Amino acid sequence: MNRIVSRLLLCLALTLSPLSLMAMNITVAVPDKELASLLADVPCVTVKPDSGLSLSLEKAEELVTVKDSEGVSYRAAGVEEALNGYLRNKDVCVIKSIAIEGAKRISSDAIRFRIKTAPGDIVHKLVIKKDIEEIYAMGYFESCDASDEKGVLTFHVREYPVVIGFEFKGNKAVDEKKMLETLGIKKFDILNTRTLKSGIDRIKGVYREKGYYDVEVTSSTKPTEGGIILAFDVDEKEKLFVRGITFDGNHAVKAGKLKKAIKTGARRWWNPLDYISDRGAYTETDIDTDLLRLEQYYGDQGYINAKVGRPIVDIKPGKGIYLTIPVEEGQLYHVGQVDAEGDLIVLKSEILEAFGVKTGDVMSKLKVHAGMEKVRDIYMDKGYANVDITPLTREEGTVIHLTLQIKKGDPVYIDEIRIRGNTKTRDKVIRRELKIQEGQLYSSTALKQSKDKLNRLGYFKQVDINQIPGQDNQTSLLVGVEENPTGAFTFGVAYSSLDR
């Protein structure tokens with residue numbers, strides 16, 4: 001086990017150890033179980049049935065009174081508040097001040113900000129334990145404990161050392177420069193265990209992209225003058241790639257189509273392009289995304305309740321990685337009745353024709369979303385830039401009835417058009433190509449045509465037109481352009497039925 005993990009285990013052990021306290025103790029008899037339970041968390045109080053000093057609990061008129069046999073009492077709204085008030089009156093376990101010892105590079109104020117205990121509080125072991133855990137959570141300390149002497153609660157910390165240098169051993173496939181870039185820890189940084197763990201995970205990710213799926217990376221520290229040397233030992237093991245992907249449970253959709261829907265692919269020995277790309281690499285990030293892609297693909301084919309499980313990974317030494325992805329396709333759904341309701345600014349038949357989803361069609365999520373965008377364009381062309389379209393569904397067996405609920409909102413006008421990124425092209429040259437001007441109603445078609453016209457000029461490498469929402473149903477437009485380098489020549493031909 002490397003030294004860093006050993007130190008972390010030591011820290012956790014210290015966190016759970018009893019609080020070291022030197023304060024005046026009192027012994028009391030407490031018949032009430034609720035009160036006795038609270039006192040068990042106060043280290044300065046010992047509960048004994050035969051004690052000469054007894055403590056009682058009285059509840060009346062929504063107030064609680066804690067009172068002892070000597071007549072000292074305190075009344076409050078809750079039991080714990082009343083007990084703490086009583087202990088303050090007795091000056092038992094009262095925190096007069098808080099001190100931080102051992103902090104050198106990390107400021108004491110930063111530590112104080114993380115703890116909840118404050119002067120005037122009563123010492124409670126559970127609260128102090130949580131404070132110590134909060135200090136550990138900062139990630140800068142290898143040990144921390146607390147002590148109380150004469151009312152001064154002191155948190156003793158020992159910081160992780162400063163990283164003076166790095167050593168790498170066993171890394172052949174990834175050079176030292178790439179390892180340092182990926183690690184995310186720099187020279188003279190304070191060693192942070194969470195940052196270190198994240199860095200090691202990233203290094204493993206780089207190796208897996210290169211086919212070293214089973215790589216192991218361990219870390220250790222070597223004391224040196226002024227800090228430590230952070231050393232890494234890499235066991236690359238065998239280079240492995242995905243050699244086969246199969247699906248379990250797919251009956252309606254062929255495996256070939258499912259393979260085309262995902263990024264992860266098997267490395268083909270006969271294809272030289274696979275050997276200069278990352279094809280065949282197995283990474284958890286890509287797999288997570290691929291599972292979502294598969295469910296989306298099934299949803300677009302009408303299997304809207306399809307479930308795709310985590311792949312079974314079979315590593316065969318000397319051969320490669322073989323994946324089996326479990327699939328539950330579920331039922332195939334079709335579209336039933338299609339309707340539209342709400343703020344209809346054109347004939348319903350025109351909206352449904354633009355929507356394009358018809359009764360009897362396979363229920364495709366992709367087609368529904370694309371159809372909604374076409375309906376949205378109808379409204380946005382007439383100035384309703386904030387139109388809200390919600391597809392309401394009703395299931396009847398394997399048939400789904402669709403109703404588009406439309407709220408058009410208020411018409412939106414163009415307040416201002418700003419132009420950014422042009423250093424050689426004058427603003428007026430750009431403005432004369434725009435199909436929409438200040439004061440006009442918003443139109444999505446006009447924006448698309450404006451972007452097309454600017455692109456056809458040949459002056460710009462990239463053109464973007466974005467909305468900047470304003471007030472009182474107004475919006476501004478930001479036309480951002482990136483000009484072509486001086487001397488660059490581009491040629492293109494375009495045709496539209498509108499401009500001919």
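Modeller: We will go through strand pairing, then the helices beside a sheet.

Modeller: This is a predicted model, where local features need pLDDT of at least 70, side-chain atom pairs count only at pLDDT 80 or more, and totals for chains, interfaces and linings use all residues. Residues are numbered from 1 along each chain as its sequence is written, and side-chain values use heavy atoms, with hydrogens and water left out.

Biologist: How do strands of a sheet pair?

Modeller: Through backbone hydrogen bonds, either parallel or antiparallel. Strands (E, at least two residues) and helices (H or I, at least four) are DSSP runs, numbered from the N terminus. Two strands pair if DSSP finds at least two bridges between them. Here, E13 (residues 242–248) pairs with E16 (residues 320–328) in the parallel sense, over 6 bridges. Phenylalanine 247 has isoleucine 325 in E16 as its bridge partner. E15 (residues 312–316) pairs with E16 in the antiparallel sense, over 5 bridges.

Biologist: How many residues lie between E15 and E16 in the hairpin?

Modeller: The hairpin has 3 residues between its strands. Glycine 318, in the turn, has a positive phi of about 80°.

Biologist: In which order do the 3 strands of the open sheet stand?

Modeller: The order is E17-E19-E18, with mixed pairing. E17 (334–342) and E18 (388–396) each have a single partner strand, so one side of each is left without a neighbour in the sheet.

Biologist: Which helix packs on the sheet, touching E17 and E19?

Modeller: Helix H10 (residues 348–355) does, with contact meaning heavy atoms within 4.5 Å. The direction of H10 makes about 135° with that of E17. Such angles run from 0 to 180 degrees between N-to-C directions, and axes are lines fitted to C-alpha atoms, for helices over the stretch in contact.
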